[in-house]
Amino acid sequence: LEVRWSSQGDKKPWLWVLQFRRRGKWMTDILPGGVVHQTLPASPPDAIAVTAVNRDETASRPTVLRRR
């Protein structure tokens, strides 16, 4: 499963926090701001959350997608 995302506005994030839940267990990847996609391992997750982080370490609200 490949996940893609983008930022809103002119400012690019310093980091992205990509989190996914599989069978109740959350996994977290910290990615550079220039990375806007990631291939997740094997089976599709139950939920995916993406959060932007700026250089002051201020995090956005996560965007969360849940599988039905």
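**Notebook: charged and aromatic pairs**

I looked first for salt bridges (a side-chain nitrogen of Lys or Arg within 4 Å of a carboxyl oxygen of Asp or Glu), and the structure holds two. I note that this is a predicted model, in which local features need pLDDT of at least 70, side-chain atom pairs count only at pLDDT 80 or more, and totals for chains, interfaces and linings use all residues. Residues are numbered from 1 along each chain as its sequence is written, and side-chain values use heavy atoms, with hydrogens and water left out.

I then looked up Glu2, which forms a salt bridge with Arg4, with 3.0 Å between the closest N and O atoms. For accessibility I used relative accessible area, where buried means under 20%, exposed over 50% and partly exposed in between (1.4 Å probe, protein chains only). Glu2 is partly exposed at 40%, and Arg4 is exposed at 60%.

I turned next to Asp46, whose salt bridge partner is Arg67, the closest N and O atoms being 3.4 Å apart. Asp46 lies in the loop between strand S4 (37-39) and strand S5 (47-53) and Arg67 in the segment after strand S6 (63-66), so this pair ties together parts that are 21 residues apart in sequence. Strands here are DSSP runs (E, at least two residues), numbered from the N terminus. Asp46 is partly exposed, with a relative accessibility of 25%.

Last, I looked for aromatic pairs (rings of Phe, Tyr and Trp, its six-membered ring, with centres within 6.5 Å; planes under 30 degrees apart count as stacked, over 60 as edge-to-face and the rest as tilted), and I found one. Trp5 and Trp16 are edge-to-face, 5.9 Å centre to centre with 70° between the planes. Both Trp5 and Trp16 are buried.

Notes. Helices (H or I, at least four residues) and strands (E, at least two) are DSSP runs, numbered from the N terminus.
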